[in-house]
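Q: I am new to this structure and would like to be taken through it step by step. Could we begin once it is on display?

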Amino acid sequence: MPKIFVTRPIPEMGIKMLRDKGYEVLINEAAKERAATLDELKDGARGADAILSVLTDKITAEVMDAGLPMLKIVANFAVGYDNIDLGAAKQKNIMVTNTPGVLTETVAEHTFALMIAIAHRIAEADRFARAGKFTAWGPELLLGTDLCHKTIGIIGLGRIGSRVALHAAKGFGMKVLYYDPNPNPDFEKEFGAVYVANIDELLPQCDFVSIHVPLLYPVKSSEAGTPKELFDRVNSTYHLINEERLKKMKPSAYLINTSRGPVVDEKALAQALKSGVIKGAALDVFEFEPEITPELKELDNVVLTPHIASATIGTRSRMAELAANNIIEALEGRTPPNLVVK
């Protein structure tokens, strides 16, 4: 009987799919409210044919070694997979899959919720009202910024970035600029979007900048044989938004990040927000997650949500189903539909 190790509890539908196939499913219930420990991951991996991991849990070469020779697949419960050592997986002939597509609309909605919240000062106004400071309507009380007819810069034109652009162009009449390694003429025609080949040229033109890139670290010398599509020194996204690039943005601009925390240099962002280099930011992900740079929590011109951009009942259930299906396909000798490493 195949054994499946689930690193943290996930929606029941995915678990049911695996158990209905007759698989033994071991769920790390101890990690319901926290990330799994290294020892828990190694213990769970021993004798497992598959690991169903979530993005908080680091599936390192050491964890994979604990699962050998049985381990065939690591199915990540996320679109991103920066929590998995892809080079080690390839070397050990372990498949890696993700759950793309099913959370596109939900994350795009949350991105816009953050954008509206920071521009219209909604979180700040909520605190103001709860503190009993609202004594009368005032012409200049908590003035915010319109989105309509402003310019948004999309960094990373994948599924989610494209959906954010749709809401921006069709819903709010915003002008869309975008940066991506590959220009998309069809997208430009549909949304009247303009391709900007350099991030440094895009930033000064935008009233809002929304980030939708994967987290890619530079190649280390010991990883020289790692496939280019997995790690690329030139296209590293670590600290893509840093002190220098924040200074290229308008003083009236807002930064929104629903991709991965380390894409933004958080300390540089906190300083930029404090000193007025940019007007505001809205973040769903953090560089040292779950820790948040203390200075950010002290500022009124930032909205913070705890990595919940895909957190709807429907989306998380579909993610569980997709991860379970990837495992079933792999263990039955077929190619999983969402293969990252084979």
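A: One term is needed at the outset: a residue counts as buried when its relative accessible area is under 20%, and as exposed when that area is over 50%. Please also note that this is a predicted model.

Q: Which residues of strand 1 are buried, then?
A: Strand 1 spans residues 3–6, and both of its faces are covered. Lys3 and Phe5 are buried on one side, while Ile4 and Val6 are buried on the other.

Q: Why two sides?
A: In a regular strand, side chains alternate between the two faces of the sheet.

Q: And how many bridges join strand 1 to strand 2?
A: Four bridges join the two, and the strands run parallel. Within this pairing, leucine 26 of strand 2 is the bridge partner of phenylalanine 5. The chain passes from strand 1 through helix 1 (residues 12–20) to strand 2, a right-handed β-α-β crossover.

Q: What about strand 3, how does it pair with strand 1?
A: Strand 3 (residues 50–54) pairs with strand 1 in the parallel sense, over three bridges. There, valine 6 has leucine 52 as its bridge partner.

Q: Is histidine 239 buried or exposed?
A: Histidine 239 counts as buried, because its relative accessibility is 18%, below the 20% cut-off. Its phi is near 55 degrees, a positive value in a residue other than glycine.

Q: On to charges. How many salt bridges does the structure hold?
A: The structure holds 17 salt bridges. One of them is between the side chains of lysine 16 and aspartate 20, at 2.8 Å from N to O. Both residues lie in helix 1, four residues apart, about one turn of the helix.

Q: How exposed is that pair?
A: Lysine 16 is partly exposed, with a relative accessible area of 44%, whereas aspartate 20 is exposed at 55%.

Q: Which parts of the chain does the pair of aspartate 65 and lysine 92 link?
A: The side chains of aspartate 65 and lysine 92 meet in a salt bridge of 2.7 Å, N to O. This pair links distant parts of the chain, 27 residues apart: aspartate 65 is in helix 3, and lysine 92 is in the loop between helix 4 and strand 5.

Terms used: Residues are numbered from 1 along each chain as its sequence is written. This is a predicted model: local features need pLDDT of at least 70, side-chain atom pairs count only at pLDDT 80 or more; totals for chains, interfaces and linings use all residues. Side-chain values use heavy atoms; hydrogens and water are left out. Buried means under 20% relative accessible area, exposed over 50%, partly exposed in between (1.4 Å probe, protein chains only). Two strands pair if DSSP finds at least two bridges between them. A crossover is right-handed if, with the strands pointing away from the viewer, the path from the first strand over the helix to the second runs clockwise. A salt bridge is a side-chain nitrogen of Lys or Arg within 4 Å of a carboxyl oxygen of Asp or Glu.
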